[in-house]
Amino acid sequence: MEPVVEADADTTKSPLAQRFRGFLPVIVDVETGGFNSDTDALLEVAAVTLRMDDEGLLHRHETFDFHIDPFEGANIEQSALDFTGIDLECPERPAMPEMMALPELFQHIRKAVKEHGCTRAVMVAHNAHFDLGFVNAAANRCEIKRNPFHPFSCFDTATLSGLAFGQTVLAKTCQIAGIEFSNSEAHTAAYDAEKTADLFCLIVNRWQELGGWPLIDPAS
């Protein structure tokens, strides 16, 4: 495992880097063949980057979406395919091997990290340790040494939603939060990642509006 870089406050960093101690939040969603990241297939992965405007508010920026061919020997539960609606035999499914998709995805994320003057990405996801586990497992299978994500820290929008809205289900939380959500489009990685990004931005921005950031120096 590569060393974990801890970021400290630095006034030369971009406002987005300062907001999260030098870490860049990147919203991720995965669709899989089951619940075990070591044995079950990664079938889709999407990542959404963020930008910060002049008022310090977060907005969704770019979306990167990949359909993945199951790795050799991967387990795929039929119940998982029924839930996501993924048809592995569909000739129009633009899938590629993990060995091709993960390096390309990580390249986009590392570029965003550099552009914002951050030191590392931190994953944001709904029930985040599930997504982080699958991404880390795929990176290990591909023997990728430069995984841009913090290996274990993450921001979980299910937890944040429970605090902010009293709900932990993504669709219900979006409904309460006034974010349009289509159940027919849900359970695709890109759609769920973008809705999770909208939710994360809304919660962080609302916290700022309530005076939570920037922190006021009590000595001032």
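Author: Start with how a packing angle is taken: axes are lines fitted to C-alpha atoms, for helices over the stretch in contact, and angles run from 0 to 180 degrees between N-to-C directions. Keep in mind that this is a predicted model. On that scale, α6 and α7 pack at an angle of about 45°. Their axes are 11 Å apart.

Reader: Why is α6 called oblique to α7?

Author: Angles under 35 degrees count as roughly parallel, and 65 to 115 as roughly perpendicular. The angle for α6 and α7 is about 45°. That makes α6 oblique to α7. As for handedness, α6 passes α7 in a left-handed crossing.

Reader: How do you know which residues of α6 and α7 meet?

Author: Contact means heavy atoms within 4.5 Å. From α6 come Leu170, Thr173, Cys174 and Ala177. From α7 come Asp192, Lys195, Thr196, Leu199 and Leu202. The residues of this contact of α6 with α7 divide into 5 nonpolar, 2 polar and 2 charged.

Reader: What makes α5 and α7 oblique?

Author: The test is the one used above. Helix α5 (residues 157–165) and helix α7 (residues 189–209) pack at about 50°. Roughly parallel needs an angle under 35 degrees, and roughly perpendicular needs 65 to 115. α5 and α7 are therefore oblique to each other. Their axes lie 11 Å apart. The crossing of α5 and α7 is left-handed.

Reader: Which residues of α5 and α7 meet?

Author: On the α5 side they are Thr157, Leu160, Ser161, Ala164 and Phe165. On the α7 side they are Thr196, Leu199, Phe200, Leu202 and Ile203. By class, the contact of α5 with α7 has 7 nonpolar residues, 3 polar and no charged.

Reader: At what angle do α3 and α4 pack?

Author: Helix α3 (residues 98–115) and α4 pack at about 115°. Their axes are 10 Å apart. α3 passes α4 in a left-handed crossing. Glu98, Leu102 and Phe106 of α3 make the contact with Val135, Ala138, Ala139 and Arg141 of α4. The residues of the contact of α3 with α4 divide into 5 nonpolar, no polar and 2 charged.

Reader: Now the pockets. What makes a residue part of the lining of the largest pocket?

Author: Lining residues have an atom within 4 Å of a pocket point. In the largest pocket, 26 residues line the space. Val30, Glu31, Phe83, Phe130 and His187 lie nearest its centre. The elements giving two or more residues to that lining are β1 (23–32), α2 (78–84), α4 (128–141), α6 (170–177) and α7. The pocket holds about 630 Å³ of space. Its lining has 10 nonpolar, 11 polar and 5 charged residues.

Reader: Which residues lie nearest the centre of the second largest pocket?

Author: They are Leu160, Leu163, Ile203, Val204 and Trp207, from a lining of 14 residues. α5 and α7 are the elements that give two or more residues. α7 gives the most, with 6 residues. The volume of the second largest pocket is about 340 Å³.

Conventions: Residues numbered from 1 in each chain as written. Predicted model: local features only at pLDDT ≥ 70, side-chain atom pairs only at ≥ 80, totals over all residues. Heavy atoms only, no water. Helix = DSSP H or I, 4+ residues; strand = E, 2+ residues; numbered from the N terminus. Parallel < 35°, antiparallel > 145°, perpendicular 65-115°, else oblique. Left-handed = near helix turned anticlockwise from the far one by under 90°. Nonpolar A, V, L, I, M, F, W, Y, C, P; charged D, E, K, R; others polar. 1 Å grid on protein atoms, 1.4 Å probe; cavity = no way out; pocket = protein on both sides within 12 Å on 5 of 7 lines; lining within 4 Å. Points joined across faces, edges and corners; volume = space filled by probe spheres on them.
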